[in-house]
Amino acid sequence: MNGHLIPRTPIAVDFWKVIGQQHSLHFCTHVHADHIHGLTSTWQDKIYTSPLNAKLLVHLTGVDESLIIPLEEGESHVISMNKSSAATMTVTLIPANHIPGAVMFLFEGYFGRILYTDFSTH
């Protein structure tokens, strides 16, 4: 299983195991099977991803379409960090040129800047 919980943030990327409310913002880089493993129609949290990934996630996983939030690439998006706070962060999607719809995420907030690339060498 792929995926990461980013320490000292509420961010989970390609990680579909709910562990309390510590990681409450979920992002999907792309829809290869190893990146969506564990994501099913019973999923209850919002998922932020690219527009193409959003369409594919509904089809491939059965996740309720209202939970999948498509974000345009190349634009900065302000996202509330939790339901009970006015705290926000910014995320920018950058094309990853891996497969259609695949993106990297630039996260900016109280934690500084984090570029999530999902680059690996297999």
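I begin with strand S6 (residues 76–80) and strand S7 (residues 88–95), which run antiparallel and are joined by five bridges. Strands pair if DSSP finds at least two bridges between them; helices (H or I, at least four residues) and strands (E, at least two) are DSSP runs, numbered from the N terminus. Opposite Ile79 stands Met89 of S7. S7 also pairs with strand S8 (residues 103–109), again antiparallel, over six bridges, and Thr92 has Leu106 in S8 as its bridge partner.

The model is predicted: local features need pLDDT of at least 70, side-chain atom pairs count only at pLDDT 80 or more, and totals for chains, interfaces and linings use all residues. Residues are numbered from 1 along each chain as its sequence is written, and side-chain values use heavy atoms, with hydrogens and water left out.

I turn to helix H2 (residues 51–61), where Asn53, Ala54, Leu57 and Thr61 are buried, meaning under 20% relative accessible area with a 1.4 Å probe, protein chains only, against over 50% for exposed and partly exposed in between. Seen down the axis, these buried residues fall within an arc of 105 degrees, taken from the directions from the helix axis to the C-beta atoms, so they line one face of H2. Lys55 and His59 are exposed on the face turned away.
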